[in-house]
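Visitor: I am new to this structure and would like a close look at a single part of it. Please take me through that part slowly.

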Amino acid sequence: MKISRRQFLSSSSALVIGFYLPFLGGRLANAQAPQPKKVFPPNAFLRIAKDNTVTIQIKHLEFGQGVQTSLPMLIAEELECDWSKVKTELAPAAAVYGNISWGGMQGTGGSSSVSNSWEQLRTVGAQARTMLIQAAADAWKVKPADCRAEKGFIVGPGGKRAPFGQFAEAAMNLPLPEVKLKDPKDFKLIGKPVKRLDSADKVAGKTIFGMDVKRPGLLTAVVAHPPVFGARVKSLNADKVSRSIGITHVVQITNGVAVVGKGYWPAKNGRDQLDVTWDGGAKTSTEDLLAEYRELAKKPGLSAKKAANPEAIKGATQTISREYVFPFLAHAPMEPLNCTVEIKGENAELWVGSQFQTMDHLAAAKTLGLKPENVKLNTTYAGGGFGRRANPASDYIVEACEIAKEVKVPVKVVWSREDDIRGGYYRPMYLHKVDVGLDASGKIVGWNHVIVGQSILGGTAFEAFLVKDGVDSTSVEGVSDTHYDIPNLDVSLHTTKSAVPSLWWRSVGHTHTAFVMETMIDEIAAATKKDPVALRRELLAKNPRFLKVLELAAEKGAWGSAPPAGRAKGFAIHEAFGTVVAQVAEVSLEGGAPKVHKVTAAMDCGLVVNPLTVEAQVQSAIGFGLSAALMSELTLKDGAVQQSNFHDYQVLRMSDMPQVSVHLVAGGEKPTGVGEPGTPPIAPAVANALGTLTGRRAQVLPLTKTKWI
């Protein structure tokens, strides 16, 4: 990143370094205008106090993925500070904290937290170290080249040694230097297993999540949303609720009716007693959508990848034709969605576990009718998200602002899990139709692939650069760009329209495309009597990176050796967000239902910053993916979601979690994504194991919809 400006301002004898991103113009840029000297700026990454404590601002949302530890490691590595003195704070919404991979928009997603910060934060650390050394050299009247930084101290000639904090104030008056970053062979912290900095406070209950935010006079709002997508309030009788104990306001807003009270339960009870008549909405059902999708899939859609000869399979000796169906899925984060808003005259402040700080900040300002520079968005910890908190519509944040404008006191809007599962945003339902032609020797001669589903980008700010010629790239990723050497691969897409709100879900399009590609490869292996891993070796022969991951997973998963009686192994490999993951799943049937015992994962995510964080991310991605593989499904009837909470929208229980081992391919010049790539391979790996175990091939998720015995 080119540094356009520098800040080197004083606050309580702390060294403060920050960067500005000049391309975020307009109102947002004005909101982040440089502050007067001697005023603590909100756009700094780093403070060094007199006691040698180093406080690092975390620009990404922490919702379990470990950025509170992995991002400080980048700065600390170059700074040469004492890791035991490192503290972190979640950064507020500000242009300086933009995601470099996203053109400077602040946000967390796309498995980009570490990869986009890789050079930026190391540069922050290296510059701070250089300035501290210069300040010490000036004080000691020696050459900077004769000094070095070591575990939070500057060490000079003749036994000179003093802590960083002693030079922080003087360093602040020095010019920002050009720096050379460390060679990876010199890393002392990066690449080492480092325990998380945020665990102790979380275990002790000290961490402040959005739900924990308290303000003087705070009220709680619960909203009655339309029971059918697209419906609006036709009539409202709030007389009874308004007189209820603990209820302070009943407010009609754009997307429903908010009941505001002195706590969650009064508000919820009031909401449940509301007399609302709704009008309009689409009476969509899952069956109707599936019939529509099947009809569309009979013909090619808009081309995502054009085969040289899409008719090639007509000359095939053998053709395998399959239809795959994937349901709507909810994000279902453990912490209910929430947002707190406080308005004070011409200013407002928000507290929210935001994944899209820039968008949410602007949406809040617009809704409140305030200038962006008069609105402060504080990022809180969040209890999971999986994509739900990265909503271009800023839905529950806008809702909170609408309510706050009406009640004119601090208010926290809370969505119960039922509210979100029945009225939220979802991973869209998809249908794939695949025809693969083989010649007499079992070689693929053509692959025709039609995908049907909603766009998650249509109508959003991302449509302009992620939808090309009508094709939503997230609907076809993992198929149109497959790394398998497949001749005459033809991929097309039908994008459907629906009133059902859609949104990305952890690993986005790869959640369905990986399943189709990897189970179809096993189908081909079975049809040609080849070992599934051997077939993958053939099709990936031109891709050494994939082969490394494949071989590591096969070795660690003991592919080729017999599993315990009654079990079978399945294999899958997939690339998402620049990272290749292969998994071997060991599966049995218990009472006719799939039981996953072991998963062996191999991953190439480039240079590994913190092996412990990577391992945890892969484990969690497998657990998350197993929910969708085995049990999670949303269905629609008469326009309404039929499920409501974890009793009928099933997710993996702790007791269902398999034994997981994670193995990392060494090397790589820089990190690639980690948060999501572990999810896509698990469902096909389990399905392929079940195929080996039973001879039946799954074409529908969740896998419990297939009768295995």
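Visitor: How many nonpolar, polar and charged residues does the lining of the second largest pocket have?

Guide: Please keep in mind that this is a predicted model. Sorted by class, the residues that line the second largest pocket are 15 nonpolar, 16 polar and 6 charged. The pocket itself has a volume of about 870 Å³, and of the 37 residues in its lining, those closest to its centre are Tyr425, Ala499, Val500, Pro501 and Ser502. As for where the pocket lies, residues of its lining come from both domain 2 (210-280 + 337-414) and domain 3 (300-329 + 426-705), so the pocket is found between these two domains. Among the elements that contribute, helix H10 (395-407) and strand S23 (489-496) each supply at least two residues of this lining.

Tyr264 is partly exposed, at a relative accessible area of 22%, whereas Trp265 is exposed, at 56%. Elsewhere, one aromatic cluster is formed by Trp102, Phe356, Phe462, Phe465 and Trp504. Some rings also have a charge over them: Arg122 lies over the face of Trp118, at 4.4 Å from the ring centre, and the charged end of Arg388 sits over the ring of Trp415, 5.5 Å from its centre.

Note on methods
Residues numbered from 1 in each chain as written. Predicted model: local features only at pLDDT ≥ 70, side-chain atom pairs only at ≥ 80, totals over all residues. Heavy atoms only, no water. Buried < 20%, exposed > 50% of the residue type's maximum accessible area, 1.4 Å probe, protein only. Phe/Tyr/Trp six-rings, centres within 6.5 Å; stacked < 30°, edge-to-face > 60°. Lys NZ or Arg CZ within 6 Å of the ring centre and 35° of its normal. 1 Å grid on protein atoms, 1.4 Å probe; cavity = no way out; pocket = protein on both sides within 12 Å on 5 of 7 lines; lining within 4 Å. Points joined across faces, edges and corners; volume = space filled by probe spheres on them. Helix = DSSP H or I, 4+ residues; strand = E, 2+ residues; numbered from the N terminus. Nonpolar A, V, L, I, M, F, W, Y, C, P; charged D, E, K, R; others polar. Domains from an automatic or database assignment.
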